[in-house]
Every structure is written in C-alpha cells, then in structure tokens.
Amino acid sequence: MGLLRSTPISEQPLRPHSRFLRTDRARQRLIPTTALSTGTYSIAEGALDFLAKDEQVTAVFTVTLTDSKGGTVTQDVTVTITGSNDAPVINAISPTALTEQTNTAALTASIPVSFTDVDLTDIGHTASITGVQASGTTTGLALTSAQLIELVTPGTVTKASGSSSGSINMGFSAPATAIDYLAAGEVLTLTYTVAVNDGDGGITPQTFVVTITGTNDAPTITTVEGTTDVAGAVTEDASLSTLTDTGTITFDDVDLTNTHTVSVASASGNTLGGTLTLGGVSESAITSEGSVPWTYSVANSATQYLAAGQTASEVFTVTVSDGNGGYGHPGCHGHHHRHQRCSGG
Ligand SMILES: [Ca+2]
Ligand SMILES: [Ca+2]
Ligand SMILES: [Ca+2]
Ligand SMILES: [Ca+2]
C-alpha cells in the first residue's frame with residue numbers, strides 16, 4: 001500500500017500516469033479502488049501480489065487543485081511499490097493407482113503436477129521429493145526411504161514469465177523385483193511429499209499417493225544345496241518288508257503371505273506299487289522359501305524280480321499350489337535297484 005499526502009484535493013478521480021509500469025496488467029492494477037477525497041492512495045490487498053520479490057513499479061498521479069474562483073494548479077504525486085515474494089501453491093495431485101507387473105519390466109507412471117506462483121516474473125522453480133511414508137502391506141518391502149524417494153523423478157519444472165501457472169511432469173519407476181513380494185490383492189501405499197521452490201524463499205510442499213496392488217507370482221521349484229533331494233534310492237532286501245527313502249522338495253514363492261498345498265501323482269508307467277507320501281509344508285510369511293518332505297515306500301517283495309545290479313524306477317509328480325492359480329511341478333523319482341546306488345532318472 002502506498003500513502004499519498006496532499007491537501008486539499010479534488011473530488012475528481014486521480015488518473016494514473018503510465019510511466020515506468022512494466023506491464024499492462026500492472027498498469028490496470030495500480031488504479032486506486034477506493035475513494036480518493038481523503039488524499040489517501042489505496043489499493044486492494046492482493047492486487048499487487050503479481051510483483052515478484054524486490055520488483056518495483058512506479059505510478060505518477062497528477063492532482064489538480066481548483067479554488068473557488070476557478071483557478072487551478074497541478075501537482076504530480078509519485079507512488080512507488082516494491083513487491084514481496086509469494087510462495088508457490090501446488091494444486092491437489094491425483095492419486096496414482098498401479099498394479100504389480102506380471103513380467104520383469106519396471107512399473108512406471110507419469111504423475112502430472114500443476115502449481116501457481118502469483119509472482120508473474122518468478123521463474124526457475126525447482127521440484128524435489130522431500131519425504132515418503134510407506135503403509136499397507138510393507139513386510140517384504142526391501143527399499144529404504146531414500147530408495148523409495150529415488151523411485152520418483154521430479155522432472156523439469158515449467159513456468160513462463162508473465163504467467164502464474166506452472167507444471168511439473170514427475171515420473172515414477174519401480175523395478176519389478178521391488179514389488180513382487182505383494183501377493184494378489186495386497187496393497188502398498190506410498191505417500192510422497194514433493195516441494196516446489198521458487199528460489200526466493202517460497203518453498204511449498206504437497207503430498208501425493210502412489211498405490212500398488214499386488215498380483216500373483218507362481219511358485220517355483222528350487223534347488224537348495226544341502227536341502228533339496230528329489231531322487232530317492234532303495235535297495236532290494238535292505239529290509240524284509242518295506243523299503244523306504246526320504247527327501248525334501250524346496251520351492252520359492254515371492255508372494256510372501258501365500259500359503260501352499262502339495263499333492264502327488266504317480267506316473268502311469270510305475271509298476272512296483274510304491275507310494276510317495278508328503279509331510280507338512282514348512283514356510284513363513286516373511287520369507288519366500290518353503291519346503292516339504294517326502295517319503296517313498298515300496299514293498300520289498302515287489303522288488304524281488306530284480307537281478308543283481310538291475311534297476312527299476314518309479315516317477316511321481318508333486319505339485320505345489322499357492323491357492324492363487326500358481327503351480328510348481330518338481331519331478332520326484334524313486335529308484336529301486338539291487339546292491340548299488342544309481343543317480344536320478
Ligand atoms: Ca508477490
Ligand atoms: Ca514466488
Ligand atoms: Ca506378487
Ligand atoms: Ca504366489
């Protein structure tokens with residue numbers, strides 16, 4: 001606000017002089033909006049917000065004084081206004097809803113952001129991600145806060161001088177491996193904070209939300225050294241009644257909270273009447289690994305036809321199901337031979 005001291009003063013409106021005004025908009029905004037008979041120059045709060053920090057405009061008014069005899073005299077009055085900075089204001093950012101990829105490609109999205117800075121000549125704004133909160137299903141999320149922040153690229157800020165509107169086109173990209181841990185329907189919510197800095201002391205934060213809904217990954221059969229054993233062997237007459245061997249099938253399901261069931265099918269070519277029975281599944285909701293023990297049994301009497309050194313095989317297929325449409329199939333083989341051990345078949 002500028003204050004004009006001059007008495008007496010005419011009732012006629014003061015007419016602003018256009019010298020030194022930088023823009024048409026500036027000229028319009030400098031026209032006083034209140035009665036002037038008191039000799040006070042006033043202008044509505046906010047009408048000069050367009051002035052950037054330390055930016056100045058000068059208005060010159062010519063005041064005409066008229067006496068009772070019709071004599072007149074004029075006097076110029078100069079009003080100088082210095083701008084102060086206004087912080088940018090980021091508009092609400094629409095939430096981004098993503099679904100875990102079913103392939104190994106990165107999960108990506110563009111996140112448009114718009115903001116205003118009423119300081120018309122203010123340009124050169126920058127944007128940065130200043131924070132993130134992870135919620136929802138976070139057990140299995142291996143990324144640190146710093147790494148989560150790195151998933152967002154603030155991108156280039158666009159704002160032209162003379163306009164109060166600006167925009168940012170942020171990018172989000174998460175590697176598939178970072179979010180595979182989500183089981184079907186599980187949701188990870190990432191609440192980020194982006195800040196726009198006008199370089200003149202105005203820094204404004206705004207939050208935005210990225211949700212990622214999990215999809216199922218099929219279990220896979222694994223080979224764990226020292227644990228996995230899918231080739232059994234028994235030897236005729238090692239026992240008079242039943243010949244047995246045991247082993248362990250190991251599997252992996254990146255969907256941490258998935259639980260698994262197992263089933264076994266005997267191959268049609270099996271002729272010895274042996275059986276494969278499965279024990280309970282060992283697994284945990286905080287690791288992807290699981291295992292299940294198996295026991296192969298066959299009647300010793302069924303192996304008596306084997307000559308020394310001769311072998312026979314029975315094959316069983318074990319299926320590990322995650323209950324979400326994902327299956328893993330290891331082969332499990334029982335070998336029967338006399339007096340010597342043989343490797344898998
Ligand atoms: Ca301003
Ligand atoms: Ca500003
Ligand atoms: Ca998954
Ligand atoms: Ca799964």
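Strands here are DSSP runs of E with at least two residues, numbered from the N terminus. In this predicted model, V63 is found in one such run, strand β2, which covers residues 56–66. V63 is partly exposed because 19 other C-beta atoms lie within 10 Å of its own, whereas a residue counts as buried at 20 or more.

**Overall content and confidence**

The chain has 345 residues, of which buried residues make up 29%, and its secondary structure consists of 3 helices and 22 strands. Among the contacts with a separation of 6 or more, 74% are accounted for by residues 24 or more positions apart. The mean pLDDT of the chain is 85, and 84% of the residues reach 70 or more. Over residues 1–24, however, the pLDDT is below 50, although this stretch has 54 contacts in the model beyond near neighbours in sequence. Residues 336–345 likewise have a pLDDT below 50, with 35 contacts in the model beyond near neighbours in sequence. Where pLDDT is low, the predicted coordinates should not be read in detail.

**Strand β10 and its partners**

Strand β10, residues 165–174, has one covered face, made up of G166, I168, M170, F172 and A174, and one uncovered face, made up of S165, S167, N169, G171 and S173. The pairing of β10 with β6 (residues 107–116) is antiparallel and rests on 10 bridges; one of the residues involved is T108, whose bridge partner in β10 is S173. Strand β8, residues 152–153, also runs antiparallel to β10 and is joined to it by 2 bridges, while strand β9, residues 157–159, is joined to β10 by 3 bridges, again antiparallel. The bridge partners named for these three strands are set out below.

| Residue | Bridge partner in β10 |
|---|---|
| T108 | S173 |
| T153 | G171 |
| V157 | I168 |

The hairpin of β9 and β10 has 5 residues between the strands, and there G162 takes a positive phi near 95°.

**An open sheet of four strands**

A further arrangement is an open sheet of 4 strands, in the order β5-β12-β11-β7 and with mixed pairing. Its edge strands are β5 (96–99) and β7 (126–136), each of which pairs on one side only, and the twist averages 25° from one strand to the next. Within this sheet, β7 and β11 (residues 187–197) run antiparallel and are joined by 10 bridges, with Q133 standing opposite T191 in β11.

**The nonpolar cores**

The largest nonpolar core has 29 residues, and those with the most contacts inside it are V113, M170, F172, I179 and Y192. The elements that give two or more residues to this core are β6, β7, β10, α3 (176–179), β11 and β12 (203–213), and its largest share, 5 residues, comes from β11. Apart from this core lies another, of 13 residues, among them V234, V292, V298 and F316.

Why is V113 buried? With 22 other C-beta atoms within 10 Å, V113 is buried because the count reaches the cut-off of 20 or more. V113 is found in strand β6, and, leaving aside neighbours within four places in sequence, V113 is in contact with I90, I93, S167, I168, M170 and V194. For the pair V113 and I93, the distance is 6.1 Å from C-alpha to C-alpha, at a sequence separation of 20 residues. Two of these contacts of V113, I168 and M170, belong to the covered face of β10, whereas S167 belongs to the uncovered one.

**An exposed loop residue**

T271 is found in the loop between β16 (261–266) and β17 (275–278). T271 is exposed because 10 other C-beta atoms lie within 10 Å of its own, where the cut-off for an exposed residue is 12 or fewer. T271 and E314 are 43 residues apart in sequence, yet 7.3 Å apart in space, C-alpha to C-alpha.

Note on methods
Residues numbered from 1 in each chain as written. Chains lettered and ligands numbered in written order. Predicted model: local features only at pLDDT ≥ 70, side-chain atom pairs only at ≥ 80, totals over all residues. Pairing = 2+ DSSP bridges. Axes fitted to C-alpha atoms, helices over the stretch in contact; angles between N-to-C directions. Contact = placed C-beta atoms within 7 Å. Core = buried A, V, L, I, M, F, W, Y, C linked by C-beta atoms within 7 Å. pLDDT = per-residue confidence, 0-100.
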